[in-house]
Amino acid sequence: MFAAIVVGGTLLGGGRGGLVGTVFGAYVLMLVVNILLVLNVPAFYSSIVEGVILILAVLGASLTRSSVLATTLRNISRRASARRQGLLPAQLKLKEHRLRLPVPFVTVKQPTFWARHSETLQTAAPAFVCFALVLLATQFVLGSSMFSWPYYNSLIVLGSFLAILALGQGTVILTGGLDLSVPWTIGLCGILCAGLLKGSDVAMVYVIPITLAIGATVGLLNGIGIVALGMSPIVVTLAMNGILQGLALLYSGGTPAGFSSPSLRWFMTGNLFGATPVVFMMIAFVAGAVILLGRTAFGRRVYAIGNGVRAAELSGVPVRSTTVRVYVLSGLCSALVGCLLSGFSGQASLGMGDEFILPSIAVVVVGGALITGGRGSYIGMVGGVLLLTALQTLLAGTSLPYATRAIVYGVVVLCAVVTLREKNT
């Protein structure tokens, strides 16, 4: 759909295009796919071709002397020329000069914990309050859940996938972007993990790192497409999602083979000191994610970019490299979820990541983050994960039909988002 619109001459930023061009764009896209079929090219290539056409069409529509791509190429050329002439700052070996400020050191009284974290607590609290209400409803409907450790254990296990995705997708959203390549990054990495493991514990030593590296590479390509080519995050990640879908179909032949190793299966479903082993990993993961976004230079740069790209650039923030790192983190998190999902179910399947795209965005927004970026916390995202996972568990335990459960789930998420939006404004 996006490819047909762009091929038809419509500018995704708005202000140019029309219905007639879109109709012809749709016919052009279908003709390309049909030509491939006539040439006996497997149908698995169609999504790859559509993704490539979308990227090329967007680039062609926005390629001017002032475009990001043209500017990037000019900067590369100028930098190469300066390197040949020995004019780069690193080649000049300039002496470092430090300025001393005459202002004497003054001890400033540190604000209290509540004053420093008041905004985080205000935005994250609604998700945890709603989570407590869902726990009460679960206790009333299903009984003996609030004081049952197995319930909380299963809640953490089922929510672990969204908690990991919340770090990647949440960090992207904090910069004002969006990663729509999550579904098939999960799918491709899960299929690769199960297909390469083939039930071998020994193979985990190299299969897991390879799979994570592939996910990071996907994120790297997304980041480069956004930063170097100047394309919208939605366009780049959507096209990448289609390309990954085609690659997954080509690798698996439409039928994923292989299965998880016993150790990975035990890690997701076994027992260690009365808890599933992945629970201990999630405790460490949440602690590390909170530190990453709240206590590191990387986290401060992410918030700076979300609050204003130009202001961040003028403040000395490396916007381009930080943006690339953000999408690398998202790809890495999606790859990890693909590996864990294959261990949880014992094997991989086509479309195993499709159900995570909307929840990965919902938990971030429900957790108090602004979809436009600049504000939010990982603690709030964890609250959103607990809320949506507990809600799904509650609905699954009722006798309501699946369609009714889906409607209730969507209405609750919508009400939570609207409530937070009104609070934010």
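Modeller: Begin with burial. Buried means under 20% relative accessible area, exposed means over 50%, and partly exposed lies in between (1.4 Å probe, protein chains only). Tyr 151 has 10% relative accessibility, so Tyr 151 counts as buried. Some ground rules: this is a predicted model, where local features need pLDDT of at least 70 and side-chain atom pairs count only at pLDDT 80 or more, while totals for chains, interfaces and linings use all residues. Residues are numbered from 1 along each chain as its sequence is written, and side-chain values use heavy atoms, with hydrogens and water left out.

Biologist: How many aromatic pairs does a search of the whole structure find?

Modeller: Rings of Phe, Tyr and Trp (its six-membered ring) pair if their centres lie within 6.5 Å; planes under 30 degrees apart count as stacked, over 60 as edge-to-face, and the rest as tilted. The search of the whole structure finds 3 aromatic pairs. One of them joins Tyr 151 and Tyr 152, edge-to-face, at 5.4 Å centre to centre with 75 degrees between the planes. Tyr 152 is partly exposed, at 23% relative accessible area.
Phe 161 and Phe 356 also pair edge-to-face, at 6.3 Å centre to centre and 65 degrees between the planes.

Biologist: Which parts does the pair of Phe 161 and Phe 356 tie together?

Modeller: Helices (H or I, at least four residues) and strands (E, at least two) are DSSP runs, numbered from the N terminus. Phe 161 lies in helix H8 (residues 149-174), and Phe 356 in the loop between helix H16 (319-345) and helix H17 (357-366), so the pair ties together parts 195 residues apart in sequence. Phe 161 is buried at 4% relative accessibility. Phe 356 is buried too, with a relative accessible area of 7%. Ring pairs link Phe 161, Phe 344 and Phe 356 into a cluster.

Biologist: Now a loop residue. Is Ser 260 buried or exposed?

Modeller: Ser 260 is buried, with a relative accessible area of 7%. Ser 260 sits in the loop between helix H11 (233-252) and helix H12 (262-269).

Biologist: What is Ser 260 in contact with, leaving aside its neighbours within four places in sequence?

Modeller: Contact means heavy atoms within 4.5 Å. With those neighbours left aside, Ser 260 is in contact with Leu 197, Gly 199, Arg 265, Ser 342, Gly 343 and Gly 346.
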